[in-house]
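The sequence and the structure are shown first, and the description follows.

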Amino acid sequence: MLLLDYQNVLIESLLKDRLAGAAPTSIDQVVSDFDGVTFHISTPESKSKIQISIALRCFNELVKYGAQQVLEREYGPFIVPPEQGYDFSVSVDLDSLPPDQDARDDLVRRISLLKRNVMAAPFEQAFDEFKALQEEASKYTSESAPQGVMEGGEVRAIHYREEEAIYIKASHDRVTVIFSTRFSDETDRVFGKVFLQEFVDARRRAIQNAPQVLFRSDAPLELQNVPGVVSSGSGEIGYITFVLFPRHLTPQRREEVISHIQTFRDYFHYHIKASKAYIHSRMRKRTADFLQVLRRARPDSEEKERKTASGRTFRVQG
Amino acid sequence: MAPQTPAVVMDNGTGYTKLGFAGNDSPSFVFPTAIATKSQGGGGGGSGSGRPAVANKPSFLTGGAGPGSHLSGKRGTEDLDFFIGDEALAASAGPGYGLHYPIRHGQIENWDDMERFWSNSIFKYLRVEPEDHYFLLTEPASQYHLNYSAPLNPPENRENTAEIFFESFNCAGLYIAVQAVLALAASWTSSKVQDRSLTGTVIDSGEGVTHVIPVAEGYVIGSSIKSIPIAGRDITYFVQSLLRDRGEPDSSLKTAERIKEEYCYVCPDVVKEFSRFDMEPAERFKQHTVTYPNGKSVTVDVGYERFLAPEIFFNPEIYSSDFLTPLPNIVDMTIQQSPIDVRRGLYKNIVLSGGSTLYRQFGRRLQRDIKHLVDERIAASERRSGGAKSGGLEVQVIEHKRQRHGPWFGGSLLGQTPEFRSYCHTKAEYDEYGPSIVRRFALLGGPGST
């Protein structure tokens, strides 16, 4: 597995089962997803009505950036008032499902992408803003452009984790996405540096189309006036900047780009952990090899001539 | 931390892995503990697979891993090319992948595979950042008591597990619980259980082996654990052999397994059950329809195996010729070997756990047979004592709804308690003391905690 899935596997498999006609039973499960997202899957009214609620820490910020519209677009008829303690709920009635299989699969897919869609709102907004700015900017030359057009819009901050945030800023020729990350573990920091260097170098080598990636330990200039940005420079907090160019922002690519960039943090951490696992497996292998060398180096016990009771001698073969 | 993240409960068994979050009543995922990797790598860990792993030169002179090492070819992302669980079974059916089971007899054998198995469980299935969550893992049974037949986990295994969880995954906190103790905790949901004690006898019957494990105050009495080589798989084989003998149109293992799961039950008396079957064949004999992927289907008759199959627990001689002690006798022997002051508690709280204890009437029959043995012994000693009267001994077998995933459910129950986190070892403690810290855990759910 190179890339992480975008959808929640549990929701997907559960709904798929139910929609395929598995016996209706009551469900009551609280499950987690990345970044402290909590889902509550339950059947509050009847066994055929599955309600899925999501709670995430940055929901208010996301609403500010248009999450409600995105959710209404995606889940329109399924939205129900949010459950107590959760931010957003959808409910699927198994008795009134779309008849054909494709529509059902699409429904399952959409609901399992709940977290992705909630988080997508600020990206979509920024991409739209980019488009507007691009049109605006095409009217001017770089000198005559009025203030604001060249500099781009406001910075959208999503504090999706305790000490980490995503900042999105649209300009007339690009969209900049900045992740602030925090490594509590020193080993992880080292691994992280290696990985990030690879990201930075990727463009230089084969993949010309890749977005430009920068990383630094103090806050980049884009975030200068954003409240809450810590510019410690201590190395614990790092800033990773993705610069998305117009070619990444075409309508065809858009969805994919949003999905990818959202999972970046988890992807990054997953791979740090996977490489540690890989190194561990090499270490185990090496230890086993050394042990074998040691075992072989042990001198054989001297073979003495043995005698039978009658005085004949024989040699042990081999 | 805003809302507390639920603890992750993982129960990695020989056959199946149960994954989920504490507080839920069933695991989110249950899939085989299997991993499919690119076939040529036989697995590291120095299993001595016959392949010359060491060249003439020590491998550090040859640059990377030594020649012939399965790692030498791995320069890209091959180490991520694997599947776990059901996907592994599917992948191994095709070309290029070999299937491995990293856990054997309840113990982790291949740490490389297990580490990747965990990594995938966490990131692909549970989708959690291990740094944010506490983990509750399970292990077979107590340590320190060395008894070859018992399901034991050496403390080194715990340490290895801790190394992986703290160093690879940086998990926030870790608790490793003994499966038998968790199975006892799971039985607290039964209405028969009045006091939430951690004293009892756990009968854990899964796919491979059946263990009878006495637990006193949360500690496993390792010296009296007994194992029986009869479990789920044997019942399946037995059903299969009966089907074959009758010449049924389909006698595959899969069919036998389905029949076992759907139709089998435990009867109070074999002879009477036979005659009952002969009296009312219409009700007792069943038919099982097997549908093949190509659309065809055949019908298999289901007869005496309905009650004969689980009967091998109580009369093993009908199945095996080398193991002849019935399960009730084993339970009785186990308890008799335990310290005398806990025996009453052990008889009173016999808890079932695992998929092979789910047959209807299993608990009742077991209780009756054990009670019979106990009463006989009491009667004999009363006779010998000449007139003394015994107060009797209560034997109670507890069946409950969460039996199938007993250890997991127990873990879920204990993992959601507010004090769970204080029982865990945290990453900071691990960094301070090293892996040996996990050799000891405070007893979760013990006296005074819940």
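## Helix packing and chain features

In chain A, helix H6 (residues 186–202) and helix H8 (residues 264–297) pack at an angle of about 115°, and their axes are 10 Å apart. From H6(A), the contact draws on A:Asp188, A:Phe191, A:Gly192, A:Phe195, A:Leu196 and A:Phe199. H8(A) contributes A:Phe264, A:Tyr267, A:Phe268, A:His271, A:Ile272, A:Lys273, A:Ser275, A:Lys276 and A:Ile279. By class, nine nonpolar, three polar and three charged residues take part in the contact of H6(A) with H8(A).

The model is predicted: local features need pLDDT of at least 70, side-chain atom pairs count only at pLDDT 80 or more, and totals for chains, interfaces and linings use all residues. Residues are numbered from 1 along each chain as its sequence is written, chains are lettered from A and ligands numbered from 1 in the order in which they are written, and side-chain values use heavy atoms, with hydrogens and water left out.

Some terms need their limits. Helices (H or I, at least four residues) and strands (E, at least two) are DSSP runs, numbered from the N terminus. Axes are lines fitted to C-alpha atoms, for helices over the stretch in contact, and angles run from 0 to 180 degrees between N-to-C directions. Angles under 35 degrees count as roughly parallel, over 145 as roughly antiparallel, 65 to 115 as roughly perpendicular and the rest as oblique. Contact means heavy atoms within 4.5 Å. Ala, Val, Leu, Ile, Met, Phe, Trp, Tyr, Cys and Pro count as nonpolar, Asp, Glu, Lys and Arg as charged, and the others, Gly among them, as polar. Buried means under 20% relative accessible area, exposed over 50%, and partly exposed in between (1.4 Å probe, protein chains only).

### The two chains

Chain A contains eight helices and 12 strands. Its radius of gyration, taken over C-alpha atoms, is 28 Å, well over the 20 Å that the globule rule (2.2 Å times the number of residues to the power 0.38) gives for 318 residues, so chain A is more spread out than a compact globule. The C-alpha trace of chain A spans about 110 × 60 × 35 Å along its principal axes. The secondary structure of chain B comes to 15 helices and 19 strands.

| Chain | Buried residues | Contacts joining residues at least 24 apart |
|---|---|---|
| Chain A | 49% of 318 residues | 62% |
| Chain B | 57% of 450 residues | 69% |

### Helix H1 of chain A

Helix H1 (residues 9–19) of chain A is mostly covered, with eight of its 11 residues buried. These are A:Val9, A:Leu10, A:Ile11, A:Glu12, A:Leu14, A:Leu15, A:Arg18 and A:Leu19. Within chain A, they pack against strands E1 (28–33), E2 (37–42) and E3 (49–55) and helix H4 (101–112). In chain B, their partners are strand E3 (29–32) and helix H2 (111–126).

H1(A) and H4(A) pack at an angle of about 155°, with axes 9 Å apart, and are therefore roughly antiparallel to each other. A:Ile11, A:Glu12, A:Leu15, A:Lys16 and A:Leu19 of H1(A) meet A:Arg104, A:Leu107, A:Val108, A:Ile111 and A:Ser112 of H4(A). This contact comprises six nonpolar, one polar and three charged residues.

The axes of helix H4 (residues 179–186) and helix H13 (residues 406–415) of chain B come within 7 Å and cross at roughly 75°. That makes H4(B) roughly perpendicular to H13(B).

Most residues other than glycine have a negative phi. B:Glu217, however, has a positive phi near 50°; B:Glu217 lies in the loop between strands E12 (210–216) and E13 (219–220) of chain B. B:Gln361 also has a positive phi, near 70°, and is placed in the loop between strand E17 (350–353) and helix H12 (362–385) of chain B. B:Glu217 counts as partly exposed at 48% relative accessibility, and B:Gln361 counts as partly exposed at 33%.
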